[in-house]
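Here are a few notes to read with the model open beside you. Take them point by point and find each part as you go.

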Amino acid sequence: MKKEEVLRKHKEYLFPSVANYYREPLVLVSGKGKYLYDIDGNEYLDFFGGIVTISIGHAHPKVTARLQEQVGKLVHVSTLYQTENMVNYAEKLAEITPGRLQKCFFTSSGTEANETAVLLAQLYTRCTELVALRHGYSGRSMLAMTLTAHSGWRLGGTHIAGIKHALNAYCYRCAFGLSYPACDLKCARDVEDLILTTTSGKIAGFFAEPIQGVGGFITPPKEYFQVVEGIVRKYGGIMIIDEVQTGWGRTGKMFGIEHYGIQPEIMTFAKGAANGLPIGVTIATPEVADSIKGSTISTFGGNPVTMAAALATLEVIEEENLVSNCLIVGNYLREKLAALKEKYSLIGDVRGMGLMQALEIVGENKQPAPHVVLELFEETRKQRLLIGKGGLFNNVIRISPPMTITKADVDQAVEILDNSFQTVVQKLKI
Ligand code: PMP
């Protein structure tokens with residue numbers, strides 16, 4: 001097929017709301033490691049990984065081999081039957097997740113994983129109200145859109161009652177006008193006021209991402225979750241942590257919440273768990289997991305093919321020491337991005353952890369500058385680098401390459417970013 005035909009069919013047969021990057025959408029046909037190839041044969045260095053999902057590189061030979069073997073053997077049985085892959089993956093997760101997380105429920109997306117998490121918290125605590133965070137993103141079901149706190153992603157003026165949104169730890173734009181650490185974590189302490197003033201005073205739980213992904217990699221200070229945890233437990237709630245973007249080593253620890261020293265009762269995963277195959281995981285402590293008394297089912301949950309990919313992905317993460325690679329190469333990337341910030345006043349903030357780094361792009365007085373980001377996207381594309389976008393105002397560049405990249409890849413990507421900034425500054429005369 002020619003590119004024009006793909007673009008035409010997309011326009012004709014898909015919802016117009018299926019948003020694409022770039023003025024002319026990019027049509028991709030293959031991937032290998034850190035590279036993607038478009039329909040015209042151009043090669044791109046992939047520094048977004050299909051929205052923080054390609055953990056170990058495109059078409060990793062180990063995953064591909066396992067998939068081929070499994071596809072030839074058994075593709076589907078549903079959760080009504082048991083398979084080796086499913087129990088082995090669940091066992092592995094129980095081993096590597098923090099605290100007493102031990103029992104899994106498998107689905108096919110982050111949205112479903114989060115739905116399951118909220119259901120569990122409500123059944124376990126016999127409360128319905130929850131606290132989530134402003135700037136959070138949780139998925140696209142009615143409940144997940146209600147948890148989400150970005151007007152642009154809360155479609156249809158939904159929503160479900162009983163979910164309150166606390167101010168997030170957005171230090172670059174502190175809602176209280178304070179600075180860390182002198183602020184004494186006022187945003188975390190304010191969760192108590194939120195519970196006392198906007199709920200019945202008893203909550204099912206607190207729901208948060210360790211680093212807010214879609215929000216633009218907003219990274220709370222190290223004490224944040226401990227302060228919140230104390231308050232949440234005081235009012236009967238449990239901690240639900242969404243590791244959909246932060247899991248599997250990307251932040252320099254296996255799970256993002258491990259930077260914060262708390263042990264949640266529930267964690268959710270999706271995206272990078274199976275290196276691109278559809279997956280959702282909700283893992284809980286035994287007593288929380290046991291609180292679903294009836295039966296529940298997920299047709300595609302724990303699918304043997306997906307589970308094969310997830311097992312192989314974890315093996316590669318361990319064998320290739322990718323957690324420490326994220327830390328080392330991530331710190332190197334961070335230094336280089338910090339140097340770019342010194343060079344371009346357009347970069348208001350550099351934040352993130354490991355190979356999850358963001359640049360917030362602003363004009364004068366921290367005005368969000370999404371038009372500049374659009375230009376940077378066109379320019380980086382021309383120079384064959386793929387990056388991501390996020391933030392409430394679409395003015396944050398998100399960088400989340402496969403966790404296998406090297407310092408040389410960082411050099412190449414940052415050089416392209418640097419050139420692109422230069423071109424855009426000249427073009428827009430800013
Ligand atoms: N949680 C987080 C933190 C996410 O980033 C996303 C997806 N961007 C989701 C949940 C929803 O995942 P999915 O799109 O697989 O439903």
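1. Start with the sheet whose four strands come in the order β1-β2-β3-β13; this sheet is open, and its pairing is mixed. At the edges sit β1 (28–32) and β13 (385–386), each of which pairs on one side only. A word on terms: strands (E, at least two residues) and helices (H or I, at least four) are DSSP runs, numbered from the N terminus. Two strands count as paired if DSSP finds at least two bridges between them.

2. Before going on, know what you're looking at. This is a predicted model, where local features need pLDDT of at least 70 and side-chain atom pairs count only at pLDDT 80 or more, while totals for chains, interfaces and linings use all residues. Residues are numbered from 1 along each chain as its sequence is written, and side-chain values use heavy atoms, with hydrogens and water left out.

3. Now zoom in on β2 (residues 35–38) and β3 (residues 43–46): they run antiparallel and are joined by three bridges. Look for Tyr37, which stands opposite Glu43 in β3. As background, strands of a sheet pair through backbone hydrogen bonds, either parallel or antiparallel.

4. There's also an open sheet of seven strands, with mixed pairing and the order β4-β10-β9-β8-β7-β5-β6. Its edge strands, β4 (103–107) and β6 (163–166), each pair on one side only. β4 and β10 (residues 280–284) run antiparallel, with five bridges between them. Thr107 is found opposite Gly280 in β10.

5. What surrounds the ligand? The shell has 13 residues (a heavy atom within 4 Å counts as near), and the closest are Gly110, Thr111, Asp242, Gln245 and Lys271. Helix α5 (residues 110–125) gives the largest share of this shell, three residues.

6. Check some polar contacts, meaning pairs of N or O atoms within 3.5 Å. A polar side-chain atom of Thr111 is 2.5 Å from a ligand oxygen atom. Lys271 has a side-chain N or O atom 3.1 Å from a nitrogen atom of the ligand. For Tyr137, a backbone N or O atom lies 3.4 Å from a ligand nitrogen atom.

7. Is Arg126 buried or exposed? Arg126 sits in the loop between α5 and β5 (130–133). Arg126 counts as exposed because its relative accessible area is 77%; exposed means over 50%, buried under 20%, and partly exposed in between (1.4 Å probe, protein chains only). Arg126 and Ser291 are 165 residues apart in sequence, yet 9.8 Å apart in space, C-alpha to C-alpha.

Key: A polar contact is a pair of N or O atoms within 3.5 Å; within protein, one must be able to donate a hydrogen and the other to accept it, and residues adjacent in sequence count only if both atoms are side-chain atoms.
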